[in-house]
Every structure is written in structure tokens, then in C-alpha cells.
Amino acid sequence: MIIIDHNFAHLFELCDRVNVMQGGRITINQRTQDTSLEELTELMVSSYRSQLQAGPRLLRGTPGKSG
């Protein structure tokens, strides 16, 4: 079963694993028991920051290309 939710606390109650997708790629793939709400939040924030530093094109994708 796949659950898509922005409420991390809810995900920790329901899920054995958590995957985070950014820019069409899985950036985090961990068992919920091996991470914490705080760690997951920091991983997402740091990943988002690195994408911003690389340029806004990575956040929107490349126009005209799929995949």
C-alpha cells in the first residue's frame, strides 16, 4: 500500500517504510524505526536547499522532457 501524506507524524503511525520523492527521484528510503520525525524533516530540508542552490530548473524539471 502506498500512502501519500505531508503529515509525517501520521506516516510514522501507519508505515513501516518512508520514501521521499523530490524532482521525480526517491531521495530518502528508510524504515520508520530507523529514523525520527526530526531527522526526516532535516533530510528533506537539506535536500530542498541543495536543489535551490543548484538552480530553480531542478525544482520544475526540464521543459519539453519527460521521464
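**Strand pairing, helix faces and surface contacts**

Met21 stands opposite Ile26 of strand E2. The model is predicted, so that local features require a pLDDT of at least 70 and side-chain atom pairs count only at pLDDT 80 or more, whereas totals for chains, interfaces and linings use all residues. Residues are numbered from 1 along each chain as its sequence is written, and side-chain values use heavy atoms, with hydrogens and water left out.

The protein chain contains three helices and two strands, where helices (H or I, at least four residues) and strands (E, at least two) are DSSP runs numbered from the N terminus. Along the sequence, these elements follow the pattern α-β-β-α-α. Of the 67 residues in the protein chain, 19% are buried; buried denotes under 20% relative accessible area, exposed over 50%, and partly exposed the range in between (1.4 Å probe, protein chains only).

Strands E1 (residues 17–22) and E2 (residues 25–31) run antiparallel and are joined by six bridges; two strands are taken to pair if DSSP finds at least two bridges between them.

Arg31 forms a salt bridge with Asp34, with the closest N and O atoms 2.8 Å apart.

Helix H2 (residues 37–54) comprises 18 residues and reaches 26 Å from its first C-alpha to its last, close to the 26 Å expected at 1.5 Å a residue. The expected span is 1.5 Å times one less than the number of residues. Within H2, Leu40, Ser47 and Gln51 are buried. These residues cover an arc of only 40° around the axis and therefore lie on the same side of H2, the arc being that of the directions from the helix axis to the C-beta atoms. Glu38 and Gln53 are exposed and are carried on the face of H2 turned away from its buried side.

Leu14 is located in helix H1 (residues 8–14) and is partly exposed, with a relative accessible area of 49%. Together with Met1 and Ile3, Leu14 makes a nonpolar surface patch of about 370 Å². Patches consist of residues with over 30% relative accessible area and no salt bridge, like charges being joined within 9 Å and nonpolar side chains (Val, Leu, Ile, Met, Phe, Trp, Tyr) within 5 Å; accessible areas come from the Shrake-Rupley method with a 1.4 Å probe, and for residues only the protein chains shown count as cover. Ala9 also has its place in H1 and is partly exposed at 38% relative accessible area. The C-alpha atoms of Ala9 and Ser36 are separated by 9.5 Å, the two residues being 27 residues apart along the chain.

How values were computed
Salt bridge = Lys/Arg side-chain N within 4 Å of Asp/Glu carboxyl O.
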